[in-house]
Amino acid sequence: MAAQLDGVFESGLQKKITDSKVLVVGAGGIGCEVLKNLVLTGFQDIEIIDLDTIDVSNLNRQFLFHKEHVGKSKANVARESALSFNPNTNIKAYHDSITTNNYGVNFFKRFSVVLSALDNHAARSHVNRLCLTADVPLIESGTAGYNGQVELIKRGLTLCYDCSPKATQKTFPGCTIRNTPSEPIHCIVWAKHLFNQLFGESNEDEDVSPDTADPEAGAEVGQAALEKDANEKGNVDRVNTRAWAKQCEYDPEKIFNKLFYDDINYLLSMSNLWQNRNPPKPVKYDTVQEDATDSTIIEDSVVRDQKVLSAVDTVKLFAASLKALQTTFTKLPEGDHLVWDKDDKDAMDFVAACANIRAQIFDIQRKSRFEIKSMAGNIIPAIATTNAITAGVVVMRAFRLLQEQYDKCKTVYVRLVVNGWNQFIVPEVNTIPPNPKCYVCAAKPEVVLKLDTKKLTVRELRDDILIKALNMVSPDVTLDGMNSIVISSEEGETDCNNDKTLEQMKIVDGCILKVDDFLQNYELSITVLHKDPGREELPFEVVANPKSLKPKEETESVPSAPALDDAQPSTSKGLNGSANGKKTTVNRIENDDDDFCEIVEEDSVNKPSTSKADTTPSKSVEKRKHAPEEDEPALKKAKVSPREPQATEDDDDLIIMD
């Protein structure tokens, strides 16, 4: 391989390539390309981890996999295929999740550099925190269609993964989904919820029946609708959807008429909803009329997927997919359920048909199966060429890291259209230093949490905020000043608190929560502010910078030039104003699989940006919580010198656009 041939690399780099130990996290589109590049370059000691198995849809871009590998472990097959290039390489594969406690700080400390090619925010944030704690450089990479990005995350030197706010996954109020859809995505979300109600993991928050508690309908109107014909309609009686479907043996006509005729008439009885909206038009199974769309049967599946089906064909698709799913569902063991997958033909057909029928009822534009699949799966198609180019840049950045040439490790962007300097591979101008207010890598991480303390439960605090929104794995929570344990990571220890509201736990406006995730060796201070969310507002809001909560009149007198934190001064003109006085802003582009951020300079053409970097303390995960000593910081994180290096790597296939 290249590093074993004298003269290919300078002697110093050649030795470092041979002696270094590399961890690749993720064996998808970028991960496969990175592993291939590492082996051909001559890296001798490589470990790769991935939880996923190989699907047919992976084969068009993950070239270490072939048809005979479908269903097998990505990590194990990637190792076998890579060894065919160089059997003398030492490659160890883990078919496992990087977020388990088997891979803590001491595991990460074994590596010279970590290359991340993950496909979800939670795992990437977790790797970011462990790399910061272990003081190991991380190279983060990602692609979105024809766009790609590679960036270094190094403790004390660059932004960490959580330094910049990320777009939260788009959610919609339940009353909008159930009562007043106005966009195709509302109908698609409703259809996915219906799939879970009939065949999947049931969730009370995903009820598809009309919502009588809709504040816009009015309490009296909702109650009147609830009492009207209470014993005649399934939706009014609120019979469990799955139990009712089983009783009628998943009869397509009965289910269709309940969902699209009875339930719609029930919505019409809540007349307040339709004072300023066009009312829906209920439809019965046997009265569906052919519309203007050509209903000619198309054999080619690709062409068929890109065609908007007629009303009659859509109903036929609904009936066929419903019966196919019933057949699959009844073969499962008692208590088991189906899992919706965009690549499962019957599941995708069912969601597409239900979404389009509901869209027609509410006079919303219908979509092709291809469009619905893209929206339902948050898909930006992965491009093999972009993955290959991005992976090549990743390994070249690894060379610079091994040589400790951090000034040459600026973020690189891959673009479909060339910029003003005729570049489609665009390097960043400056390295952006860490955000002094980052809730992960700051000296004292803290956030403000605005929520309804009277309604939000302890379970929701743990699952929806700490784990999903803040990407923790095993959080412990105590109420500051009272030494009361709100949430414990020990199984069963605080289960009695799960259904209590925060107010019942004496967590009210102004309280401070101390959160500790020992698996990530991470501590966070949360200041709780009570708020009453409106109908269209999310139930909670995380504010990383408390200064952003100041009233407008208090901030108007602040100078336009942003002030830097005294404890961590910035040396980058790219973040707080460049030498030529151009204004700089940060835009993030993200998705479930991948994300990257762009820095846009005014008066420049296609000026790219930086993404995230990470910093965390260097204590061992094995050490559990302890009371801080008098001369010890309140948190486990130690303040770090900007000279301490660290690198990161990112994800590969898809991203959700901000």
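This is a predicted model: local features need pLDDT of at least 70, side-chain atom pairs count only at pLDDT 80 or more; totals for chains, interfaces and linings use all residues.
This section describes the sheets, helices, nonpolar cores and selected residues of the structure.

An open sheet of eight strands runs in the order E3-E2-E1-E4-E5-E6-E7-E8, and its pairing is mixed. Helix H5 (residues 121-134) lies across E1, strand E4 (113-116), strand E5 (138-144) and strand E6 (147-153). The helix runs at about 160° to E5.

The buried positions are Lys-74, Ala-75, Val-77, Ala-78, Ser-81, Ala-82 and Leu-83. Their cover includes helix H2 (29-41), strand E2 (45-49) and strand E3 (90-94). At the start of H3, the backbone nitrogen of Ala-75 has a side-chain oxygen of Ser-73 within 3.4 Å.

Asn-147 belongs to strand E6. With a relative accessible area of 23%, Asn-147 is classed as partly exposed. In sequence, Asn-147 and Ile-383 are separated by 236 residues, whereas their C-alpha atoms are 9.0 Å apart in space.

The other open sheet has six strands in the order E11-E10-E12-E13-E9-E14, again with mixed pairing. Here E11 and strand E14 (540-543) stand at the edges; each has a single partner strand, and therefore one side of each is left without a neighbour in the sheet.

Strand E10 (residues 475-479) takes part in two antiparallel pairings, described here in turn. With strand E11 (residues 484-487), E10 pairs over three bridges, and Leu-479 stands opposite Ser-484 in E11. These strands form a hairpin with four residues between them, and in the turn Gly-481 adopts a positive phi of about 90°. With strand E12 (residues 512-517), E10 pairs over five bridges; there, Val-477 faces Val-515 in E12. Helix H17 (residues 458-469) lies across strand E9 (446-451), E10, E11, E12, strand E13 (522-530) and E14. Its direction makes an angle of about 65° with E11.

The largest nonpolar core comprises 55 residues, and Phe-108 and Ile-526 have the most contacts inside it. Helix H5 supplies the largest share of this core, with six residues. When neighbours within four places in sequence are set aside, the contacts of Phe-108 are Leu-23, Ile-98, Tyr-103, Val-114, Val-127, Leu-130, Cys-131, Ala-134 and Val-136. Apart from this core lies another, of 49 residues, which includes Ile-177, Phe-260, Trp-340 and Ala-359. In soluble globular proteins, nonpolar side chains tend to be buried together.

Cys-354 is located in helix H14 (residues 345-361). The relative accessible area of Cys-354 is 0%, so the residue counts as buried. Residues up to four places away in sequence being excluded, Cys-354 touches Trp-190, Ala-191, Leu-194, Phe-260 and Phe-318. A separation of 9.4 Å is found between the C-alpha atoms of Cys-354 and Leu-259, which lie 95 residues apart along the chain.

Helix H7 (residues 184-198) packs against helix H15 (residues 369-376) at an angle of about 75°, and their axes are 10 Å apart. Because of this angle, H7 is roughly perpendicular to H15. On the side of H7, the contact is made by Pro-184, Ile-185, Ile-188 and Lys-192; H15 contributes Ile-372, Met-375 and Ala-376.

Conventions. Residues are numbered from 1 along each chain as its sequence is written. Side-chain values use heavy atoms; hydrogens and water are left out. Two strands pair if DSSP finds at least two bridges between them. Buried means under 20% relative accessible area, exposed over 50%, partly exposed in between (1.4 Å probe, protein chains only). Contact means heavy atoms within 4.5 Å. A polar contact is a pair of N or O atoms within 3.5 Å; within protein, one must be able to donate a hydrogen and the other to accept it, and residues adjacent in sequence count only if both atoms are side-chain atoms. Axes are lines fitted to C-alpha atoms, for helices over the stretch in contact, and angles run from 0 to 180 degrees between N-to-C directions. A nonpolar core is a set of buried Ala, Val, Leu, Ile, Met, Phe, Trp, Tyr and Cys residues joined through side-chain atoms within 4.5 Å. Angles under 35 degrees count as roughly parallel, over 145 as roughly antiparallel, 65 to 115 as roughly perpendicular and the rest as oblique.
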